[in-house]
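Here are a few exercises to work through with the model open beside you. Try each one before reading its solution.

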Amino acid sequence: MVAKRSVLRMLGIGVVVLLAWPRVATAQRLKPLPERNAARAQASSTAIAGSPWTPLANQPKFLNTIKCAGAANPLLLTDGTVIVQEGGCQNWWKLTPDNSGSYVNGTWSQIASLPADYSPLYHSSAVLPDGRVVIMGGEYNFFVPDWTNLGAIYDPVVDQWTSLAAPPFFTGFGPFAQTIGDSQSVVLANGTMMQANCCTTEQALLDAGSLTWTQTGSGKFDINDEEGWTLLPSGNVLTVDAYVFAYDPAGTNSEIYDAATGAWSSAGSTQVQLWDSAANCGGENFATFEVGPGVLRPDGTVFFAGADTCRLQGHPTAYASGNTAIYDSSTGVWTAGPSFPIGVDIADGPAALETDGKVLMMASSGFGNKPSFFFEWDGNNLTQVPPTPNAHKDGSYFGNMLALPSGQILVTDFSNDIELYTPSGLPQPQWAPVIKSSPATVKRGGTYTISGVRFNGMSQAAAYGDDVQGATNYPMVRITNLASRHVFYSRTHDHSSMAVASKAVVSTQFDVPLGMETGASEIEVVANGIASAAKLITVK
């Protein structure tokens, strides 16, 4: 995290690195390290009656919470499994749903570890259209702050991570000749991954075939640090400026990346300030520059949560409230939303789209102070909902969220307790994928094509900002045997598009598992937890 011309005392770690930046004396402010202790190993396995939260029956109690930071960075693979990193460490684990499709009763297995020189914390991540996973950068490497330029790509077919070089044209600052750091990424509608450099205005596009990079992103107003990227139905990308190295205490600018031209331009004022400027408590020298998450909803609006880490004026023990704002992607107009309750904001924290169209989010006071609070936005009201069992010992930045094919939201918090949130409402039929073409008969071990509309859902579904990405805007193929009712996910790959809320026909390839039960079955496509109507299929 970057602060200009100041040295800020870190929360809990007190690490300050003085650096030289052109024309200014600069300091890098680090996001606090997660707690690593035996208490983080405690995990719930009993659901509370009436609570929307359900703990995993098989919690990852094997995760090391002393050396590492517990469960973090959950990602949904295209075969329906979820991979989770041991926070800040090289180990990754896979959660496989049971034969009824339940993640609550899923089981764990270890997958390959990262390359020997790479152990990142607070990094970017993306699932590519071919099913591989890319992670890049990290604010820390082996828990040492260095805004690393390292990266890796994971092939789930062969269970192997391979080093992935940074864009060669990325630069850095001070003693760091090249950075990626705690940066953001997005897979564009055409399936190309775009990667930011945390500490400059640079972005790059990845050629997934050759694993080479090309420059993009001309005209960016400020550096990428602290900002998140939201993919819009137009195929363009929205961001809220954090004004790092462009400090303006009243700044409210947003920007649009045009995927066709590769250029940024202003998307107008957010009407209320969403980044933490500390304008009311000392200004630039005390600003964290943090911004909350932005989530696209099925109605085409983007809900953005804001940060304000100042103490409430006149109340020295209370914190201020974060703002919210709504961007209408069809008109390009911003409107102010409701403020959080007094003392609550999201200065780094997760949010996810529920299947009923609400946005679930994790908030706290100041810069990630304990406890955390959970809210839902339904398009009109910001309503507090019950917290997770660990909320009393979590700040908002502890959390990561992931939309599951079951319709639930998976939440990790740098502990061994993983919780699933079940929405109270139901999805609208017009949000569901529709299968237009699918095979009537398939063979185990075979690869087939399926096509239809809304295969990528109405949104990326999950957001955080520059530190974490867990988008799930890609199709999952689920086959259920009609006799046993056992559920099998087929690995999808080579999606023709990653566009959200699109009316265009999308196709994908799916591999029928070798262990799939034969006989009469039904096939569905699931996107962001919402399933299509089932079609009959015979498995041989």
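**Exercise 1.** Of the 540 residues of the protein, what percentage count as buried?

*Solution.* Before starting, note that this is a predicted model, where local features need pLDDT of at least 70, side-chain atom pairs count only at pLDDT 80 or more, and totals for chains, interfaces and linings use all residues. Residues are numbered from 1 along each chain as its sequence is written, and side-chain values use heavy atoms, with hydrogens and water left out.

Step 1: apply the cut-off, in which buried means under 20% relative accessible area, exposed over 50%, and partly exposed in between (1.4 Å probe, protein chains only).
Step 2: read off the share, which is 63% of the 540 residues.

**Exercise 2.** Count the helices and strands, then trace the pairing from β29 through β30 to β31.

*Solution.* Step 1: helices (H or I, at least four residues) and strands (E, at least two) are DSSP runs, numbered from the N terminus; the protein has 0 helices and 44 strands.
Step 1: strands pair if DSSP finds at least two bridges between them. β29 (residues 359–365) runs antiparallel to β30 (residues 369–377), joined by 7 bridges, and β30 pairs in the antiparallel sense with β31 (residues 382–385) over 4 bridges.
Step 2: follow Glu376 in β30, the bridge partner of Leu360; Glu376 in turn has Thr383 as its bridge partner in β31.
Step 3: look at the turns. The β29–β30 hairpin has 3 residues between its strands, and Gly366 there has a positive phi of about 55 degrees. In the β30–β31 hairpin, with 4 residues between the strands, Gly379 takes a positive phi near 100 degrees.

**Exercise 3.** Is Pro129 buried or exposed, and which residues does Pro129 touch?

*Solution.* Step 1: locate Pro129 in the loop between β10 (124–127) and β11 (133–136).
Step 1: its relative accessible area is 12%, so Pro129 is buried.
Step 2: list its contacts (heavy atoms within 4.5 Å). Leaving out residues up to four places away in sequence, Pro129 touches Val187, Gly191, His493, Asp494, His495 and Met498.
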